[in-house]
Structure formats: structure tokens, C-alpha cells
Amino acid sequence: MLTFFAAALALFSTPVIAQQAAPSTGGTTSSQTTADEKPICRRTQVTGSNFFKRECHTRVEWQSIHERDDANVNRALRNRASRNTPGD
């Protein structure tokens, strides 16, 4: 039982220790850089479930996800249009 508590304490205290040991960046960070690195969390509906899934990504990651999704939709529409040609 004591081993379990020791393991739990070590597991949960590791992020705090790592956060305290992080080197500083000199204190001169631009607000644009911190805004780009700040996580943005969104709730998304999971198909076949009544529960939502929480996804967190940076602004740049969300942008690349949206670009990838748009490219997939456009590709699917092009494929669909090419399969529905008259005379097949």
C-alpha cells in the first residue's frame, strides 16, 4: 500500500518538478509567439456516442487540421464527380 502511494506521488509530482526546472527564455518573448503556442481546446462530437471529445491544439495545428480536412473534402468531391460521368 505504501509503495502505491509512493509511486502515485512520484507520478504526479514529476510534471511540477519538470515545470520548475524549465530554463527561462530570457524574459523577452513576443506576444505573437505565446499566442501561437497557447493551446486552444474544442469539444467535438464523437460519431455513435452521446459524449463529446475534447481536443486541444495550437492555432497553427488547428489551421493545418482544417487545411487537411478541406483538401480531403475537395478530393472526395472530385472523385465523386469523375465517377458520375454520363455514359458509364
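Student: Over the face of which residue does R43 lie?
Tutor: This is a predicted model, where local features need pLDDT of at least 70 and side-chain atom pairs 80 or more, while totals for chains, interfaces and linings use all residues. Residues are numbered from 1 along each chain as its sequence is written, and side-chain values use heavy atoms, leaving out hydrogens and water. A charge sits over a ring if NZ of Lys or CZ of Arg is within 6 Å of the ring centre and within 35 degrees of the ring normal. At 4.1 Å from the ring centre, R43 lies over the face of F52.

Student: How far is the charged end of R42 from the centre of the ring of W62?
Tutor: The charged end of R42 sits over this ring. Its distance from the centre of the W62 ring is 4.3 Å.

Student: Which residue in β2 stands opposite R43?
Tutor: Helices (H or I, at least four residues) and strands (E, at least two) are DSSP runs, numbered from the N terminus. Strands β1 (residues 40-45) and β2 (residues 52-57) pair over 6 bridges in the antiparallel sense; pairing takes at least two DSSP bridges. Opposite R43 stands R54.

Student: Which residue in the turn between β1 and β2 has a positive phi?
Tutor: The two strands form a hairpin, with 6 residues between them. The positive phi, about 85 degrees, belongs to G48.

Student: In what order do the elements of the protein chain run from the N terminus?
Tutor: The protein chain has 3 helices and 2 strands. Read from the N terminus, the order is α-α-β-β-α.

Student: Is T58 buried or exposed?
Tutor: T58 is in the loop between β2 and α3 (59-83). Buried means under 20% relative accessible area, exposed over 50%, and partly exposed in between (1.4 Å probe, protein chains only). T58 has 19% relative accessibility, so the residue counts as buried.

Student: Leaving aside neighbours within four places in sequence, which residues is T58 in contact with?
Tutor: Contact means heavy atoms within 4.5 Å. With those neighbours set aside, T58 touches D36, E37, K38 and P39.

Student: Which residue does D69 meet in a salt bridge?
Tutor: Side chains of opposite charge can pair when their charged atoms come close. A salt bridge needs a Lys or Arg side-chain nitrogen within 4 Å of an Asp or Glu carboxyl oxygen. The structure holds 1. At 3.9 Å, N to O, the partner of D69 is R68.

Student: What is the relative accessible area of R68?
Tutor: D69 is partly exposed, at 35%. R68 also counts as partly exposed, and its value is 48%.
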